[in-house]
Amino acid sequence: MKKIITLMLVAVLAVCALSGCGTSKSGEDKNDKKIKIVTTIFPEYDWVMQILGDKADKADVTMLLDKGVDLHSYQPSTADIAKISEADVFIYVGGESDEWVEDVLKQAKNKNLKVINLMDVMGDKAKEEEVKEGMQPEEEEHAEEAKDGKEEEEVEYDEHVWLSLKNAKIFTKKIADVLSEVDKADAKTYQANYESYAKKLDDLDKKYADAVASAKNKTLVFGDRFPFRYLV
């Protein structure tokens with residue numbers, strides 16, 4: 001259902017573009033010369049701002065998910081799809097929650113769009129979803145199993161890749177490299193900003209390690225799925 005809605009929105013956007021129903025202005029918009037960057041969640045947005053540093057005024061950075069919106073149930077609006085279509089850089093998590101992205105990217109107006117898929121950046125470092133006895137299965141999976149009368153085994157990967165300081169270093173390096181390609185004039189600044197931010201991540205990671213090492217109890221208690229696997 002989620003995929004169908006996305007396809008409908010993409011189709012509407014394409015029709016609007018062909019019929020000229022989009023907003024047009026004479027002359028150049030002041031944001032046209034800026035690097036247009038679209039992110040789905042806050043960590044990505046924050047990493048971009050860290051890498052941009054004092055060059056933030058050269059970019060128009062958009063975060064799609066508002067406060068309180070769940071990544072797993074997010075559905076892009078027509079306006080969101082338009083922003084991605086015209087962006088210079090688009091950053092998203094990847095995985096099952098972002099299956100809608102594939103259809104949106106096929107209709108991207110900017111054919112030079114740079115795309116960063118965090119799950120792809122992780123590569124073989126991505127961990128499989130951990131399922132323990134007693135965990136409630138997702139409703140869709142349960143319904144499919146009941147319908148087919150059998151259980152299909154499909155590898156699912158944990159999408160909470162942003163909840164790790166070590167992963168953050170990998171992602172911010174990728175962002176710095178991509179921004180350096182898009183804006184070669186300030187490539188040295190972006191790489192320097194990455195080095196500075198990476199040092200902060202290392203320092204914070206050490207504080208986490210020290211806190212765990214000095215703790216009397218090293219047991220974590222949580223309910224249902226555990227999102228902090230990459231962190232621990």
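Lys55, Lys58, Asp183 and Asp186 are linked in a network of salt bridges, a salt bridge being a side-chain nitrogen of Lys or Arg within 4 Å of a carboxyl oxygen of Asp or Glu. The model is predicted, so local features need pLDDT of at least 70 and side-chain atom pairs count only at pLDDT 80 or more, while totals for chains, interfaces and linings use all residues. Residues are numbered from 1 along each chain as its sequence is written, and side-chain values use heavy atoms, with hydrogens and water left out.

**Salt bridges**

- By the rule above, the count comes to ten salt bridges.
- Asp183 pairs with Lys58, their closest N and O atoms being 2.9 Å apart; this pair links distant parts of the chain, with Asp183 in the loop between helix 7 and helix 8 (187-213) and Lys58, 125 residues away, in the loop between helix 2 (42-52) and strand 2 (59-63).
- Helices (H or I, at least four residues) and strands (E, at least two) are DSSP runs, numbered from the N terminus.
- Asp183 counts as buried at 9% relative accessibility, whereas Lys58 is partly exposed at 30%; buried means under 20% relative accessible area, exposed over 50%, and partly exposed in between (1.4 Å probe, protein chains only).
- Lys166 forms a salt bridge with Asp205, with the closest N and O atoms 2.6 Å apart; because Lys166 lies in helix 7 and Asp205 in helix 8, the pair ties together parts that are 39 residues apart in sequence.
- Lys166 is itself exposed, with a relative accessible area of 55%.
- Within helix 8, Asp203 and Lys199 lie four residues apart, about one turn of the helix, and they form a salt bridge whose closest N and O atoms are 3.0 Å apart.
- Both partners are partly exposed, Asp203 with a relative accessible area of 37% and Lys199 with 47%.

- Leaving aside neighbours within four places in sequence, Val161 is in contact (heavy atoms within 4.5 Å) with Val93, Leu118, Met119, Met122, Asn167, Phe171 and Tyr230.

**An exposed loop residue**

- Asn112, in the loop between helix 4 (100-106) and strand 4 (114-117), is exposed, with a relative accessible area of 62%.
- Asn112 and Val182 are 70 residues apart in sequence and 9.7 Å apart in space, C-alpha to C-alpha.
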